[in-house]
Amino acid sequence: MSREGVDHALRELHEERERIAASLLDLDGHHGSRLLKGARLTGETWRRWQAAQARLAVLWRLFEAYQRVLDAATQLRERAHRPDAATLVELTGMLSGLSVEMPDGEIPLEARTLLGPTERRVTLDEAVALMSEAYEFVAGEVAAADAAWSALLVPLEEAEEGWREMARLAHSLDGTRHPELDRLGRELTALGRLVRTDPLSLVKDGRADTTRLDRVRSTLSSLRGELSGVARLRDGYAGQMEQVTAAIDEVEALERRVLATHAIVLEKIASPMLPAPEPGLAAGLRDRLAALERLREAGRWVEMAGRVAELERAAEDARERAWSDLRLGAGLLDRRNELRGRLEAYRAKAARLGLAEEDKLTLLYGQARDLLWTAPCDLRGSTVAVAEYQRAIRECGREETGTPP
């Protein structure tokens, strides 16, 4: 190499060294590197970080060997203001020849002997290529761990804080341990240990798998809703009990109406096929309401919330059953009244047509009226009788006007 070539190569190599040093310092100070160095790693992450650290150690040793050659060449050039041919040959060998001694760890097995590894040298360019390869490997492992932690740590910590909040709330509600909350706590402990010590074991297809964590967070969210409802019950207990009591009062009032209507139907309607009303629904609900007070006195709010919800559903079911029974009974009486109204409407129609004195119609009207105004009333027979009376009016009307049937 000429003197100008040597000087040009030295300038480029110095710039290259500065870039390499900056990249190595950035890698060393990277957030992922700091996490890996400070964590007690296990499993897949430990295995990969061990491999990365070995490569990183070789990289630094290779960089030191690279710098020694570059510093030696720089010093030689500075001593020889006007280098002679021999100096230029020496400088050329240092800058473009096999001048960088490889660290022991980088000498492959086939290049070693029984007495140990033999010396192996590479050029400065080859050293840079080897350092680049090692750097990419280490940076990739650091980035993978950092990405896994970034995806997992924040939601994990949010879930842990949510669990602690729920634990405090559960304790304030009844002072006992909540079985589902305890299960979630154990799951979070195991998951937290895995995330903090072996995040790469949770990476699938290049992305952190948050399935377990998402499941825990979803369950915590449901539990938060449940416990918040318990807290609302505790804080608004008096109002809640007023609502439940009002619902039971309504059931009791409906039961009285059902019994009264059932008795009337049995008296007024023949063979009503009406099921007997179920007695004592309101009384059973009141017994359950009284049991709630004992839970309140014991401060067992979580258990009480479930019992209140069950009681509310039971009261609603009882109300619906009572309304159904009431509609069945009232429907039979309404049917009788409807038939009475229709019979009188048809009689008025016969009068308008001038058929009121027809013997056939008079007979049919009397039969239908006797059925409808006799207790108990035969609804089926009454329905047939009213229909016969209607049909007779229609036929007599056609005969009167000469309209063919």
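I count a residue as buried under 20% relative accessible area, as exposed over 50%, and as partly exposed in between, with a 1.4 Å probe and protein chains only. I am looking at a predicted model, where local features need pLDDT of at least 70, side-chain atom pairs count only at pLDDT 80 or more, and totals for chains, interfaces and linings use all residues. I number residues from 1 along each chain as its sequence is written, and side-chain values use heavy atoms, with hydrogens and water left out.

**Entry 1: R77**

I looked up R77 and found it buried, at a relative accessible area of 14%. R77 sits in helix α3, which covers residues 43-79. For helices I take DSSP runs of H or I of at least four residues, for strands runs of E of at least two, both numbered from the N terminus.

What does the side chain of R77 reach at 2.7 Å? I found the backbone oxygen of A80 there. A polar atom of the R77 side chain also lies 3.4 Å from the backbone oxygen of H81. I use polar contact for a pair of N or O atoms within 3.5 Å; within protein, one must be able to donate a hydrogen and the other to accept it, and residues adjacent in sequence count only if both atoms are side-chain atoms.

I then listed what R77 touches, leaving out residues up to four places away in sequence: R3, V6, D7, L10, P83 and L91. Contact here means heavy atoms within 4.5 Å.

**Entry 2: the whole chain**

I counted twelve helices and six strands in the protein chain. The radius of gyration is 48 Å, well over the 22 Å that the globule rule gives for 405 residues, so the chain is more spread out than a compact globule. That radius is taken over C-alpha atoms, and the rule is 2.2 Å times the number of residues to the power 0.38. Along the principal axes, the C-alpha atoms fill a box of roughly 150 × 70 × 40 Å.

Of the 405 residues, 37% are buried. Among contacts with a separation of 6 or more, 77% join residues 24 or more positions apart.

**Entry 3: two pairs along the chain**

I placed S2 in the segment before α1 (3-29). S2 is partly exposed, with a relative accessible area of 39%. How far apart are the C-alpha atoms of S2 and L326? I read 114 Å for this pair, which is 324 residues apart along the chain.

S172 belongs to helix α5 (residues 124-174) and is partly exposed at 43%. S172 and G299 are 127 residues apart in sequence, yet their C-alpha atoms are 9.5 Å apart in space.

**Entry 4: backbone geometry in loops**

I noted D205, which is not a glycine but has a positive phi of about 55°. D205 lies in the loop between β5 (203-204) and β6 (207-208). Is D205 buried or exposed? At 83% relative accessibility, D205 counts as exposed.

S271 also has a positive phi, about 45°, although it is not a glycine. I found S271 in the loop between α8 (237-268) and α9 (281-298), and at 66% relative accessibility it counts as exposed.

Last, I checked the peptide bond from A375 to P376, which is cis, with omega near -5°. P376 is in the loop between α11 (359-372) and α12 (379-401).
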